[in-house]
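I opened this entry to keep track of what I looked up in one protein model. The notes run from the whole chain down to single residues.

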Amino acid sequence: MKDRITGPELSLPSLLVNIKGIAEMNRVFQDEQGTLHIGGAVTLRQLEQSPLLKPELGALRSALGQIGSRQIRALGTVAGNICQRLRCLYFRHPDFICFKKGGNRCHAPGGEHRYYHAIMHYGKCVAAHPSDLAPVLMAYDARAAVEGPKGKRAVRLQELFSGAKDTGQTILEPHELLTEIQVPRPGETTVHSFMKSRLRRSFDFALSSVAAVGRVSRGVVEDIRIVLGGIAPLPVEAAKSEEILCGKYLNDDIISEAAEAALKGARPLPKNRYKVDLTKTLVKRALEEIREKQLNVL
């Protein structure tokens, strides 16, 4: 909106309503079942400093600390990070009417796509989803509470994103709000990791990220979720890797096999092929960190 970016399917609003003052959207609390409720208007800094972020939610705290700068985390909100629009320069340039703005083509495949574009699961649009929170929350099996004129509904977080198939980023209908994120309580033996690669170490969007959350007992993986960010139009769960890992010892061979499987079917663009090996390496490092943490739990 600040850049006045418009298109046939992207218009500027005639009216802005400040929703940050809604009390129910500004709270973080835990219910009797241990589910963590995070209001959509809660700032990233507020959540990062919350005493309710227990050690087993360490991957979430790690992701929060790597988003933007201190100033951005002080003002940016949880719902804002999850629902943010693309970093693609063609989408954000007023002279290009790309698919996401209602045009008939994506300009990135034949132009600049080195950093913030996808290597898998893309369609008419090849831009990658920019959120750091979304992959880690998906790894914790979070749900999104949506509210609007038709009432309330809750969906698994992965169902919130529409990907590359239409001009929007989410399934939110007109007048609907992402009011809350609900994170089920992980077990005390939960081990986790969040890895992010970016151009600048100070603050930047992810070239690739990996969130892994699971339970490992005596070196054997009982359950695990691995979600990849920055490489597709929506966060991608590495289901094949999870299948390979479950019931297996976390040795080097299994970790390498899982990392290879996570990128199976990748279709990198000419200038972002490096993301394939980069993401495999992040998966390996995340699993190695989980293995190390599991040893410390014993």
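**Surface and overall form**

I began with the accessible surface of the protein, which comes to about 14500 Å², and 51% of that area belongs to carbon and sulfur atoms. Accessible areas are from the Shrake-Rupley method with a 1.4 Å probe, and for residues only the protein chains shown count as cover.

I note that this is a predicted model, in which local features need pLDDT of at least 70 and side-chain atom pairs count only at pLDDT 80 or more, while totals for chains, interfaces and linings use all residues. Residues are numbered from 1 along each chain as its sequence is written, and side-chain values use heavy atoms, with hydrogens and water left out.

Next I checked the radius of gyration, taken over C-alpha atoms. The protein has 19 Å, which agrees with the value near 19 Å for a compact globule of 298 residues; the globule rule is 2.2 Å times the number of residues to the power 0.38. I also wrote down the spans of the C-alpha trace along its principal axes, about 60 × 50 × 35 Å.

Of the 298 residues, 52% are buried. Buried means under 20% relative accessible area, exposed over 50%, and partly exposed in between (1.4 Å probe, protein chains only).

I then looked at contacts, meaning heavy atoms within 4.5 Å. Among contacts between residues at least 6 apart in sequence, 63% join residues at least 24 apart.

For charges, I found 43 positive and 32 negative, with mean positions 6 Å apart. Lys and Arg count as positive and Asp and Glu as negative, without His and the chain ends; the place of a charge is NZ of Lys, CZ of Arg, CG of Asp or CD of Glu.

**Strands and sheets**

I listed 9 helices and 9 strands. These are DSSP runs numbered from the N terminus, with helices being H or I of at least four residues and strands E of at least two. Two strands pair if DSSP finds at least two bridges between them.

I looked up an open sheet of 4 strands, in the order β6-β7-β8-β9 with antiparallel pairing. β6 (190-198) and β9 (236-237) each have a single partner strand, so one side of each is left without a neighbour in the sheet.

β6 pairs with β7 over 9 antiparallel bridges, and Ser193 stands opposite Ala212 in β7. β7 (residues 206-217) is in turn joined to β8 (residues 220-229) by 9 bridges, again antiparallel. There I noted Ala211, whose bridge partner in β8 is Val227.

I also checked β3 (residues 143-148) and β4 (residues 151-156), which pair antiparallel over 6 bridges and form a hairpin with 2 residues between them. Ala145 stands opposite Ala154 in β4.

**Single residues**

Met195 lies in strand β6 and has a relative accessible area of 18%, so it is buried. Beyond four places in sequence, its contacts include Ser208, Ser209 and Val210, and also Leu282, Arg285, Ala286 and Glu289. I placed its C-alpha 8.7 Å from that of Ser62, which is 133 residues away along the chain.

Glu48 is in helix α1 and is buried at 13%. Leaving aside neighbours within four places, Glu48 touches Leu53, Arg61, Leu64, Gly65 and Arg73.

Thr35 sits in the loop between β1 (28-30) and β2 (36-39).

Lys54 is in the loop between α1 (44-48) and α2 (58-65) and is partly exposed at 36%. Lys54 and Ile231 are 177 residues apart in sequence and 29 Å apart, C-alpha to C-alpha.

Is Gly247 buried or exposed? I found Gly247 exposed, because its relative accessibility is 54%. Gly247 lies in the loop between α7 (239-245) and α8 (252-262), and beyond four places in sequence it touches Val220 and Val221. The C-alpha atoms of Gly247 and Asp223, 24 residues apart along the chain, are 8.0 Å apart.
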